[in-house]
Amino acid sequence: MTVEEFRDLVALWHLGERSDGDVVLAACDLVVAGIDGPGVSALAGVSLRRPWDEIQPLLGDALLELGLDHHEHNSNEGKALGLRLMARRTLAGELSARELAAWVHDRFGHGLPAAEELARLDDEYDILEYDDRATTDVDEQVMAEVRRITS
């Protein structure tokens, strides 16, 4: 486990795609990898029986120790971390522009300010059959937004 992998796992946790136990186990992996300050070690020591009871106060210290930003669970800022992760995956070719826009629209609707433009562009894909633009035109707009999000 690397710090970047841990950052990505926490981003997915903010989206509800990873569990509290996954965060604890990832902290254990960091300790095994030799990335083991007091905050990370305390997080790795959380009981898997009821991780939610202990994870909240410890995660912030672990993230700070790793030089990562901490946000309240399920906050717009935390969700924006997940959005940046998915945007990086799109730049890496793991998702198409269309898949990212559809994921954003499905996940957040028009309710996450950081994702509003991508949700709007998903609507644009839906109306392409009624106007004369090509899919590549919308793809280019999505990728411009992806580059903005990841910069």
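1. The crossing of helix 1 and helix 5 is left-handed, a term used where the near helix is turned anticlockwise from the far one by less than a right angle, clockwise being right-handed. The two helices pack at an angle of about 120 degrees, with their axes 7 Å apart; axes here are lines fitted to C-alpha atoms, for helices over the stretch in contact, and angles run from 0 to 180 degrees between N-to-C directions. Helix 1 and helix 5 are therefore oblique to each other, since angles under 35 degrees count as roughly parallel, over 145 as roughly antiparallel, 65 to 115 as roughly perpendicular and the rest as oblique.

2. This is a predicted model, in which local features need pLDDT of at least 70 and side-chain atom pairs count only at pLDDT 80 or more, whereas totals for chains, interfaces and linings use all residues. Residues are numbered from 1 along each chain as its sequence is written, and side-chain values use heavy atoms, with hydrogens and water left out.

3. Returning to helix 1 and helix 5, their crossing, which is left-handed, has a contact (heavy atoms within 4.5 Å) made by Arg7, Asp8, Ala11, Leu12 and His14 of helix 1 and by Gly78, Lys79, Leu81, Gly82, Leu85, Arg88 and Arg89 of helix 5. The residues of this contact divide into four nonpolar, three polar and five charged, where Ala, Val, Leu, Ile, Met, Phe, Trp, Tyr, Cys and Pro count as nonpolar, Asp, Glu, Lys and Arg as charged, and the others, Gly among them, as polar.

4. Helix 1 (residues 3–14) has twelve residues and reaches 17 Å from its first C-alpha to its last, close to the 16 Å expected at 1.5 Å a residue, the expected span being 1.5 Å times one less than the number of residues. Helices are DSSP runs (H or I, at least four residues), numbered from the N terminus. Just after helix 1, Gly16 takes a positive phi of about 80 degrees.

5. Helix 5 has 16 residues and reaches 22 Å from its first C-alpha to its last, close to the 22 Å expected. Its buried residues, among them Ala80, Leu83, Met86 and Thr90, pack against helix 1, helix 6, helix 7 and helix 8. Just after helix 5, Gly93 takes a positive phi of about 85 degrees.

6. Helix 5 (residues 76–91) and helix 6 (residues 97–108) pack at an angle of about 165 degrees, with their axes 10 Å apart, which makes helix 5 roughly antiparallel to helix 6. Their crossing is right-handed, and the contact involves residues including Leu83, Met86 and Ala87 of helix 5 and Leu100, Trp103 and Phe108 of helix 6. The residues of this contact divide into eight nonpolar, two polar and one charged.

7. Two single residues may be checked in the model. Glu124, in helix 7 (residues 116–127), counts as buried at 18% relative accessibility and, leaving aside its neighbours within four places in sequence, is in contact with Arg133 and Val138. Pro113, in the loop between helix 6 and helix 7, is exposed, with a relative accessible area of 64%; the C-alpha atoms of Pro113 and Glu77, 36 residues apart along the chain, are separated by 9.9 Å.

Technical notes. Buried means under 20% relative accessible area, exposed over 50%, partly exposed in between (1.4 Å probe, protein chains only).
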